[in-house]
Amino acid sequence: MNRIQLPGTDRSPEVDFDFASGRFVLRGESYPEDAAAFFGPLLQSLRSYLSASDAAPITFEVGLAYFNSSSAKALMNLFMPLEDAAADGRPVIVRWLYADGDDTIEEAGEDFAADFDHACFEMVKEARV
Amino acid sequence: MLAQDFMSFHEASKRNGVILSFGGDLSESVLFSLGEVLKLRMQQDDTDASVAKRVFSIFVEQAQNIIRYSADKVVPAEKPAARWISGGMIAVGTEGGRFFVVCGNEVGQGEVTGLRERLDHITALSSEELKRFYREKLRQPPDEGSLGGSIGLIEIARRASAPVEYDFQTINADRSLFCLKAYI
């Protein structure tokens, strides 16, 4: 599958879905004008990658300084097939990046972590910019 | 006469501690610009970063609720969401040392009961229960007629420091004005 790379904007995250290496990145701010239009194609490509590829390890990195409720929904939609893949024995690491002192994002990460039983969910504290 | 008319609007805004208000046709690009101004204002006033984030978050959810659910739609819902324009009001201010974000928009009479029930439910929940309800909703497919995963109202309640206030006022046989106010 072709790598998906989108530059970040003021309201949508930088995207790097590198299917060949199994490394996926979402970084920045996320309250896109149309969350379904933004995340829909990403979710679709992740799903087809998961069903088509072998059980190669996946690292999915999320570092969002802010995301609205539509983006939270989209994140959950991305996380669920990852957890399913991990339940099927695929090594999956989700890395949740949050700025030191950002309680909102840290707590949101802990909430998402609770939905993972098989994938490894890592909380990664970053120095405040 | 002109200045006198607008003086009452100006004074009412000042009296109510309003730092930003918008009434009229709201789009995603208007939301973005208002949000930028709001962030800048809070930065200049040295607002606590965590409070500023919560104010901004509630502002975005309320503005997107207007764009998506206002019955007063300028651009029909068949167009892509990025191009929707809907009528409503939104204001951010301070009152007794707390921020508030308040919004209003017209809703169809048929939606009043359901919306009231959802808000009655949400405002009765503790913060732990809100968190659980939010996670539950994240995992579910969206409710009928909902576009954003029906979790915007829960997000507003979670970020607020007191139960959200809401009210309905009948406009005519078809429409009511729906208002929602959250304190941070």
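The crossing of α5(B) and α6(B) is left-handed, a crossing being left-handed if the near helix is turned anticlockwise from the far one by less than a right angle, and right-handed if clockwise. The model is predicted: local features need pLDDT of at least 70 and side-chain atom pairs pLDDT 80 or more, while totals for chains, interfaces and linings use all residues. Residues are numbered from 1 along each chain as its sequence is written, with chains lettered from A and ligands numbered from 1 in the order of writing.

Helix α5 of chain B covers residues 127–139 and helix α6 of chain B residues 152–159; their axes come within 10 Å and cross at roughly 155 degrees. Helices (H or I, at least four residues) and strands (E, at least two) are DSSP runs, numbered from the N terminus. Axes are lines fitted to C-alpha atoms, for helices over the stretch in contact, and angles run from 0 to 180 degrees between N-to-C directions. α5(B) and α6(B) are therefore roughly antiparallel, where angles under 35 degrees count as roughly parallel, over 145 as roughly antiparallel, 65 to 115 as roughly perpendicular and the rest as oblique. On the α5(B) side, the contact is made by Leu130(B), Lys131(B), Phe133(B), Tyr134(B) and Lys137(B), and on the α6(B) side by Ile154(B), Ala157(B) and Arg158(B). Two residues are in contact if their C-beta atoms, placed from the backbone, lie within 7 Å. This contact has 5 nonpolar, no polar and 3 charged residues; Ala, Val, Leu, Ile, Met, Phe, Trp, Tyr, Cys and Pro count as nonpolar, Asp, Glu, Lys and Arg as charged, and the others, Gly among them, as polar.

α6(B) also meets helix α3 of chain B (residues 49–69), with axes that come within 9 Å and cross at roughly 155 degrees. These two helices are therefore roughly antiparallel to each other, and their crossing is left-handed. α3(B) contributes Arg54(B), Ser57(B), Ile58(B), Glu61(B), Gln62(B), Gln64(B) and Asn65(B), which meet Gly152(B), Glu155(B), Ile156(B) and Arg159(B) of α6(B). By class, the residues of this contact divide into 2 nonpolar, 5 polar and 4 charged.

Chain B contains an open sheet of 5 strands in the order β1-β2-β3-β5-β4, with antiparallel pairing. Two strands pair if DSSP finds at least two bridges between them. At the edges are β1 (18–27) and β4 (165–170) of chain B, each pairing on one side only. From one strand to the next, the twist averages 15 degrees. β1(B) pairs with strand β2 of chain B (residues 85–95) in the antiparallel sense over 9 bridges, and the bridge partner of Leu20(B) in β2(B) is Val92(B). Helix α4 of chain B (residues 109–123) lies across β3 (98–108), β4 and β5 (175–183) of chain B, at about 145 degrees to β3(B).

The sheet of chain A is open, with 6 strands in the order β1-β2-β3-β4-β5-β6 and mixed pairing. β1 (4–6) and β6 (120–126) of chain A each have a single partner strand, so one side of each is left without a neighbour in the sheet. Direction ignored, neighbouring strands are turned by 15 degrees against each other on average. Strands β2 (residues 14–18) and β3 (residues 23–30) of chain A run antiparallel and are joined by 5 bridges; Phe17(A) has Phe24(A) as its bridge partner in β3(A). α3(A) packs on the sheet and touches β4 (58–67), β5 (92–99) and β6 of chain A, its direction making about 160 degrees with that of β5(A).

The axes of α1(A) and α2(A) come within 10 Å and cross at roughly 5 degrees; the two helices are therefore roughly parallel. Residues Ala35(A), Phe39(A), Leu43(A), Leu46(A), Arg47(A) and Leu50(A) in α1(A) meet Ser70(A), Ser71(A), Ala74(A), Asn77(A), Leu78(A), Pro81(A) and Ala85(A) in α2(A). The contact has 9 nonpolar, 3 polar and 1 charged residues.

The contact between the chains takes 16 residues from chain A and 19 residues from chain B. On the side of chain A that touches chain B, α1 (35–52), α2 (69–87) and α3 (103–113) of chain A each supply at least two residues. The largest share of that side, 5 residues, comes from α2(A).
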